[in-house]
Amino acid sequence: MRRTTIAHLSGIAVLMAVAAVPWHAAAQAQESENPFTSRIDVRMGRQSYQAQCSTCHGINATGNPEVGGPDLSTGQFQRADGDPGLFRVIRDGIDGTAMIGLGADATEQSVWQIVTFLRSLAPAGVDTGGSAAAGRALFAGESDCARCHMVNGDGGRLGPDLSFVGDRRTPAELASDLVDPDAEVLPRWWTITATGPGGETVEGLRMSEDTFTYRIMDADENLRAFSKYGDWSYERTRASTMPGYAATLTVQERTDIVAYLYSLRRDR
Amino acid sequence: MTLPRNSPARLRTTLAAAAALATTAAAPLQAQSPAEGAPMFTPVTWERLVDAADEPHNWLMYNGTLDSQRFSRLDHIDRSNVADLELKWAHHIPRLDRAETTPLVVDGVMFITESPSNVVAVDAATGRPFWRYDHPLPDDLRICCGRNNRGVAILDELLFMSTLDAHLVAIDARTGSLVWNREVADHRGGYSKTAAPLVVKDRVVTGIAGGEFGIRGFLDAYDARTGELEWRTYTIPGPDHPDNLTWAGDSWRTGGSPTWITGSYDPELNLVYWGTGNPGPDWNGEVRPGDNLYSDSVLALDGDTGEMSWYFQFTPHDIHDWDAIQIPVLADIELAGEPRQAMLWANRNGFYYTLDRATGEFLLGEAFAHQTWAEGLDSNGRPIRRPNTSPSRTGTLVAPIAGGATNWWSPAYSPRTGLLYVNAFDGEALFFIRDEEYVEGDTYLGGGTETPLPIDHYHSAIRAIDPATGDVRWEFPMTPRSRAGVLATAGDLVFSASVDGYFYALDAESGAPLWQISLGGRVNASPMSYAVGGRQFVTMTIGNTLYTFGLDE
């Protein structure tokens, strides 16, 4: 299905849990994986955070030097391994410091939601295991990606601009984009075929559509506009125009391209 | 500030109004409207409100008439000339927010409400102002859904407006001076007010918002002259009433069931009809087992005492936020060969209902939009729920969305075509359940929703429903989903708008589009129509601007 904040967040949560070293046996979090990772949980987590943590860690969780509450917005924690470790620190506190914790009475939901909120502030860095340099060469060269995709002003117009694709897609999602492009196609990339009064057809990517009109870009990158109630009829196709690369690229090549794409992020 | 009832000045204006009224019935439209420089506004008596349909050049209440058909008897603009509509004037609303207003027009003067809780009176022929009233608001408002206001009500020379800080104010219609200001509820407890009130005889009937804050809903009636509370009917009965048992434990105290849209009134039956909103918390029904009466219902209340005559609950034990905050449309129709005093209701839960408005009897009901939560309605109109449609920890996919198959935006009914025109949406959403403690003045939701696909994946349309069968006769598709109300006219036109800023007219019989203009802004309001100087206008608020269209001279 389509990308959502849920998919994005839970993707991170899963990766974090896998990357984490097994936490201390005394940790009594009943679940090792955060079950509360939707946008609702980000919102509720933010509310609890602001009510119970912001005095010491700052309203934006960037820390409060006066009290000694550290920055919690970087995705890197000294005292907590992975989500379960974070859960434990938030519930049990850190002995001998001002960090008291919510206590054993706090519901699992409320603790996990704060974890989700803190994770939402900084999607964690992930090691994709590929070579971004090799991926970049493939992208611009033989694998033809640049014909359709722009990166930092260079490339084609027949696909989304990928300059900051690492901000919106996890490595797992990027890997799936390469092999299964039809899985989730945003309406912007549907195809519309318009048929004129003489039977002539024009096909193009759906740039925008409303109740009375639609606008497309055809294969020659011409911009064209049509009326739904005029002489032309139209049909929409929801499949992707991007080819799948499962057969034409090796696993290593795809891993390298994912490493490159994931490196395309705004500096934080 | 208001003139005492028997003062000579009031008598004079009332007589003038009566004289104006006497000419209304017979004279052609041209003669009713003031010539240049002639006096414009005249006081609006209760009798004029009852017979509002007889003065179609005016728009005297939120939905036009007490039966809330949002049908204009003006027919100058019709199917043959609607394509020639052109912009006459525009009024810019200075505060940026959702503009949800339906203006009133009284003998050439238009009253427009603006975000957050302001009113401006303009010349309805030109849009140029006479006065404005800016309501002062505190900083700690508790509102779920934007700083908006949907319109005023009028009686005699007083305008009545809800304010975001949960007050009801009365404003002098000639000058904009504040006449009285009544606190309806303490806004710090999560209460706010956004809907246009409804005048019933010499009272102002008005509801409350706050269904996302664990309030206990009610409907109030205030003395129009003094602002004294005359009756209050809670939408959740107290422990002295058997229906209180439809709420487990103390959950009724925070059970929501607000009344944040305008109702209707039947003068013959002396019944006030009002829809109620979702039970609180919205998505966690586990803390409030039971049917949760009278949430998601229509209430029929005695116009003098507020005493309940009957209720009909559309969605018992709602866990999807499907407020029955729609307009009760009252129409006399023929059903299975019998004349019926009917109420027509396309509900947020995806079903259309025809009820008997004298008794509350369920006459028929059919889905009018995509829905996945019920097998259908039983013979009493109660939904037959499907299993596995409750909000869950990981999200349950259900149609319609929380925002509904339709929502508060007004439908329209044309007695000429016998069709109800509704803005419908075939969406779906993931519904999540969460534990949430009630804290006074904080949101109390118990979960949330997410839409799994971009909005353009889903279908939206104006649908024409036959109230005698529940069938959809035609639909006019929209991309993307719309949040606009509908107006029907005696010119056999249906006016509405798309969310991305088209204002358009359809053929009321076939649904064929006849005219449209792209105005660019987001739409959150319902259209209305009026006439000045013998010329018909249609008005719609789009983005931050109220636009008025008419034909060339």
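Is Arg215(A) buried, exposed or partly exposed? Arg215(A) is partly exposed, with a relative accessible area of 27%, where buried denotes under 20% relative accessible area, exposed over 50% and partly exposed the range in between (1.4 Å probe, protein chains only). The structure is a predicted model, in which local features need pLDDT of at least 70 and side-chain atom pairs count only at pLDDT 80 or more, whereas totals for chains, interfaces and linings use all residues. Residues are numbered from 1 along each chain as its sequence is written, chains are lettered from A and ligands numbered from 1 in the order in which they are written, and side-chain values use heavy atoms, with hydrogens and water left out.

Arg215(A) is the partner of Asp210(A) in a salt bridge whose closest N and O atoms are 3.3 Å apart, a salt bridge being a side-chain nitrogen of Lys or Arg within 4 Å of a carboxyl oxygen of Asp or Glu. Asp210(A), at 7% relative accessibility, counts as buried. Over all chains, the structure holds 47 salt bridges. In another of these, Asp167(A) and Arg266(A) approach to 3.4 Å between their closest N and O atoms; the pair links distant parts of the chain, with Asp167(A) in helix α8 (residues 165-168) of chain A and Arg266(A) in the segment after α10 (251-262), 99 residues apart. Helices (H or I, at least four residues) and strands (E, at least two) are here DSSP runs, numbered from the N terminus.

In chain B, the side chains of Asp332(B) and Arg357(B) meet in a salt bridge of 2.9 Å, N to O. Asp332(B) lies in strand β19 (residues 329-335) and Arg357(B) in the loop between β21 (351-356) and β22 (362-367), so the pair ties together parts that are 25 residues apart in sequence. Asp332(B) counts as exposed at 57% relative accessibility, whereas Arg357(B) is buried at 6%. Salt bridges that share partners also join Arg206(A), Glu209(A), Lys228(A), Arg236(A) and Asp456(B) into one network.

The largest nonpolar core comprises 88 residues, of which Phe111(B), Phe160(B), Phe495(B) and Phe503(B) touch the most other members; such a core is a set of buried Ala, Val, Leu, Ile, Met, Phe, Trp, Tyr and Cys residues joined through side-chain atoms within 4.5 Å. When neighbours within four places in sequence are left aside, the residues in contact with Phe503(B) include Phe495(B), Trp515(B), Met540(B) and Phe549(B), contact meaning heavy atoms within 4.5 Å. Apart from this core lies another, of 29 residues, among them Leu355(B), Val398(B), Ala429(B) and Tyr458(B).
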